[in-house]
Amino acid sequence: MHRAKSLAAIAIVLAIAASIVVVAQRGERGSGRGQQVAPGQPCPPGTTEVRPGRCEAPQVPAPSILDYRPKSTVVADPHMTPRAKFPVVDVHSHQSVNAGSVDKLIQEMDALNLRVLVNLSGGSGDRLRQNLAFIRKSPHKDRFRLFANVSFDGVGTPGWSQQAVTELEAGIKEGAIGLKIFKGLGLRDRKADGSRLTIDDPELDPIWQVCARLNVPVLIHTADPAQFFDAIDLTNERWLELALFPNRQYPSDRFPSFETLMGERDRMFARNPKTRFIAAHFGWHGNDLGRAAGMLDRMPNVYFEVGAVLYEFGRQPRAAREFFTKYQDRVLFGKDAYQPSEYPYYFRVFETTDEYFDYYRQYHAFWKLYGMGLSDEVLKKLYYGNALKVVPGLPQTGWP
């Protein structure tokens, strides 16, 4: 009898212990909620992985992508960089200058150590001449430069190429220091017969060739980020931007693919080796530095500028530093949108080794940035040295 009671007591104790373990395990796993998924399979919508292969939903309503703004608890000394370490040439701006804005612009530029601002939207014909005349008469004529533009209306009609070349030659003679090609080429521009004007259309070759003959560069914006050509779903890292700006979506039934445009651009670059091309926005290859390196290796007449893609370098600072160091003679500084409050983010990423800090536009990048810590030698080339080499029309004296 005593032995039976002892065994019964032991069984009760073991049962209680087992129940405690089960409860503890359920508590760790979210009280047994959720479901198992096969290895390598994603969790269903509305859930996340809490243990290998087990997905659960939050027990409180989840915030939207717009409202979730966690505050970082990282404690580290920030090295804010309101002013560039060396003078800067911004080769990619669309900021015009006039009598009412010039004084304010100069104050802002001085504070940033921005020595020369290149407006790529110089225009053509009378508009270009008027813009150039204002700069020439300004007491700050060495602080601003203009690129000319070309209209592709009428490509395919007799005499179009010669007319375009003549107008561009006149603009360069007046004082424009380069040619800017907007992203409409390849995406939206049409020939006279209604067909899509491809970037590598041979009828455009005289434009590239006259730039080589006149020793001026072509800064060309081709396509947009590859994600703009992908489906706008929850795997697209630019979802928020595309949802905010639907006109940035390029569905395949209306537009050529990203790779089609890249192929046309690269064939045009290779076919015109005597022309210096600056690929705007790092050619949209900032997320694929191996591909970017391959471009520069194959085509010595091609350069990159960094406008509006800082978020790519700041999320891979070690690889980016290696790239900028290896190709230190091939990358130029550009910003695109002129916003004085945003330049310091570029300076901080390029100059410091700070970690885990915010980007200035959350819809561009929801991730944090890290500093690349570029050397002084590389910084000087990035900020002004390469621009002076690639764009001879810039002021060539007075640099450190």
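This is a predicted model: local features need pLDDT of at least 70, side-chain atom pairs count only at pLDDT 80 or more; totals for chains, interfaces and linings use all residues.
Residues are numbered from 1 along each chain as its sequence is written, and side-chain values use heavy atoms, with hydrogens and water left out.

**Confidence**
- The protein chain averages a pLDDT of 93, and 92% of the residues score at least 70; pLDDT is the predictor's confidence in each residue, from 0 to 100.
- Over residues 1–31, pLDDT stays under 50, and the model has 8 contacts beyond four places in sequence for them (a contact means heavy atoms within 4.5 Å).

**The disulfide**
- Searching the whole structure turns up 1 disulfide, meaning a pair of cysteine sulfur atoms within 2.5 Å.
- Its partners are Cys43 and Cys55, with 2.0 Å from S to S.
- The link of Cys43 and Cys55 is left-handed, at -80 degrees about the S-S bond.
- Cys43 sits in the loop between strand 1 (35–36) and strand 2 (48–51), while Cys55 belongs to strand 3 (residues 54–56), so the pair ties together parts that are 12 residues apart in sequence.
- Cys55 is buried, with a relative accessible area of 0%, whereas Cys43 counts as partly exposed at 24%.
- For those words, buried means under 20% relative accessible area, exposed over 50%, and partly exposed in between (1.4 Å probe, protein chains only).

- Strands (E, at least two residues) and helices (H or I, at least four) are DSSP runs, numbered from the N terminus.
- An open sheet of 3 strands has the order 1-3-2, with antiparallel pairing; two strands pair if DSSP finds at least two bridges between them.
- Strand 1 and strand 2 are the edge strands, each pairing on one side only.
- Strand 2 and strand 3 run antiparallel and are joined by 3 bridges; Arg51 has Arg54 in strand 3 as its bridge partner.

**Helix 4**
- Helix 4 covers residues 160–174, and its 15 residues reach 21 Å from first C-alpha to last, close to the 21 Å expected at 1.5 Å a residue (1.5 Å times one less than the number of residues).
- Its buried residues are Trp160, Ser161, Ala164, Val165, Leu168, Gly171 and Ile172.
- They cover an arc of only 125 degrees around the axis, which puts them on the same side of helix 4; the arc is that of the directions from the helix axis to the C-beta atoms.
- Turned away from that buried side is a face with the exposed residues Gln162, Gln163 and Lys173.
- The cover over the buried residues of helix 4 includes helix 3 (125–137) and helix 6 (205–214).
- Gly175 follows helix 4, and its phi is positive, near 135 degrees.
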